Amino acid sequence: MTGVFSLLPDGRPGLLGPLPSGARPSAAGGEDASRYLAAGGYAPLPAPDRMLDLIAAAGLRGRGGAGFPAAVKLRAVRDAPGRAVVVANGEEGEPGSVKDRWLLRHRPHAVLDGLRLAAAMTGAERGCVYLSDAPAERAVRRALAECPADLCIDVVRTEHAYVAGEESAVVRRIDGGPALPRAKPPRPFESGVGGAPTLVANVETLARVARMHAHPEAADAVAGAHLVTLSGTSRTRAETDTGGATALAEVPAGTRLKVLADLCGHGAADSVLLGGLFGGLHGAGWTDLPLDHDRLSAAGGALGCGALHFLHPRDCPVAVATEAAAYLAAQSARQCGVCVSGTGALAAALASVARGEADAETTGKLHRWSRQLPGRGACGLLDAAARIVATLLAHFPDRVDGHRGSACPACAGAAPEDGRRFTVPVP
Ligand code: SF4
């Protein structure tokens, strides 16, 4: 089952609509300015402080992965010395996420409206849309031609890569350099594009700001809803490799993960990979977890960009972890020595577990590395690899031990570096 769904109560303003609940948008997709204006978009600019207070009171958190409070980030850019720059970040590096590309292709005016509002709140006169997807670029350029925003907006294209959407990589690329993370501090809000204080905001975050401005009476609900990309293994490996049984859905805050699995035909799943590759593997009890940053963090996971990959009983979590670690090792930007050696060592050790060749010393090293490596790279890639390992060991100890001395059939051929298992097509 592949499609676009809304689980928001009827009448609640969402980003996939206006659509009846459960309906799919037209194949043509997109929105023109007249449709967007008729739906309340590009409303007169609010007083910046009032809009910031609305965002803070509604508790909007960034949707790029870290879940940082949006109002805090906006205020930090506003208060930094210098003329600010605002960036709509549409480069989603997680292979299992499609929400940002979908929004740019189908809702470019919502993103541009959010960028206009972010500029008003931070005092910026210059904006930028940062992306790698060619259809998204065409949709954004079309929308820019009819966008009434009083803001100079550039489009900057990058190569797609896991780390290309990290905020310091975004700044480097816009400044003409490689799309690679840099050491922090300074953070972009202190010194970003051209040295100016810079807001790098995920495109879903900006689209939600625009919806909140158009519907302040529903600000809490808009801030709490999430776009989620749902995928998983399907009946055959070939289907899985082509993104079978995937969905993009908009769901209210707190929706249980089991509901999401059922929604996209993965009701038989018995475990889940959270946050794209960032939130780790989760087994027993995962079905009752709610879609909530804090609750998922408390469970040792992370919501990240809202991508969930469901595993079925016939799947082997060791094979999934091995493929995820191999992909992350291949995607390392090879700037930080600890990341190059750390992700490589994690991937190699997991591959030996998958082949049935690992001994107690190997699993001991995996335990140790998964505790020692987080936080030591310039970006979150190393943390993601370490969390995959930590959660595999914590939640599936019997499955790991079961590989002692012999590989399971599901692990045969595990560890392709291309992330094929996790890649989802844009619906
Ligand atoms: S942690 Fe890894 S991916 Fe991130 S900047 Fe350093 S080398 Fe690159």
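Which residues of helix α2 (residues 48-58) are buried? I began my notes with this, keeping in mind that the model is predicted.

**Helix α2**

I found Met51, Leu52, Ile55 and Ala58 to be the buried residues of α2. Looking down the axis of α2, I saw that these buried residues fall within an arc of 135°, so they line one face of the helix. An α-helix has 3.6 residues a turn, so residues three or four places apart point the same way. I then checked the face of α2 turned away from the buried side, and it carries the exposed residues Arg50 and Ala57. Next I asked what the buried residues of α2 pack against. Their partners are α3 (70-79), α5, α8 (203-214) and α9 (219-224). Just after α2, I noted that Gly59 takes a positive phi of about 75°.

**His109**

I moved on to α5, the helix of residues 108-122, where His109 is found. Is His109 buried or exposed? I read a relative accessible area of 0% for His109, so it is buried. Not counting residues up to four places away in sequence, His109 touches Glu31, Asp32, Ala33, Tyr36, Tyr42, Ala143, Glu146 and Cys147.

**The ligand**

Where does the ligand sit? I located the ligand in the largest cavity. Around the ligand I listed Val163, Pro181, Ser332, Ala333, Arg334, Gln335, Cys336, Cys339, Gly377, Ala378, Cys379 and Leu381. I sorted the residues of this shell into eight nonpolar, three polar and one charged.

**Tyr162**

I looked up Tyr162 in the loop between β4 (152-157) and α7 (167-174). Tyr162 has a relative accessible area of 11%; buried means under 20%, so Tyr162 counts as buried. Apart from residues up to four places away in sequence, Tyr162 touches Gly93, Glu94, Pro95, Leu277, Phe278, Tyr327, Leu328, Gln331, Leu381 and Ala384. Leu381 is also one of the residues I had listed around the ligand. I also checked Tyr162 against Glu92: the two are 70 residues apart in sequence and 7.6 Å apart in space, C-alpha to C-alpha.

**Ala385**

My last entry is on Ala385, in helix α16 (residues 381-395). With a relative accessibility of 1%, Ala385 counts as buried. Which residues is Ala385 in contact with, leaving aside its neighbours within four places in sequence? I found Leu328, Thr343 and Leu346. Leu328 is also among the residues that Tyr162 touches. For Ala385 and Lys258, 127 residues apart along the chain, I noted a separation of 25 Å between the C-alpha atoms.

How values were computed. Residues are numbered from 1 along each chain as its sequence is written. This is a predicted model: local features need pLDDT of at least 70, side-chain atom pairs count only at pLDDT 80 or more; totals for chains, interfaces and linings use all residues. Side-chain values use heavy atoms; hydrogens and water are left out. Helices (H or I, at least four residues) and strands (E, at least two) are DSSP runs, numbered from the N terminus. Buried means under 20% relative accessible area, exposed over 50%, partly exposed in between (1.4 Å probe, protein chains only). Contact means heavy atoms within 4.5 Å. The arc is that of the directions from the helix axis to the C-beta atoms. A residue is near a molecule or strand if one of its heavy atoms lies within 4 Å of it. On a 1 Å grid over the protein atoms alone, a cavity is a set of points where a 1.4 Å probe fits but cannot get out, and a pocket is an open set with protein on both sides within 12 Å along at least five of seven lines; lining residues have an atom within 4 Å of a point. A molecule sits in a cavity or pocket if more than half of its atoms lie within 2 Å of its grid points. Ala, Val, Leu, Ile, Met, Phe, Trp, Tyr, Cys and Pro count as nonpolar, Asp, Glu, Lys and Arg as charged, and the others, Gly among them, as polar.
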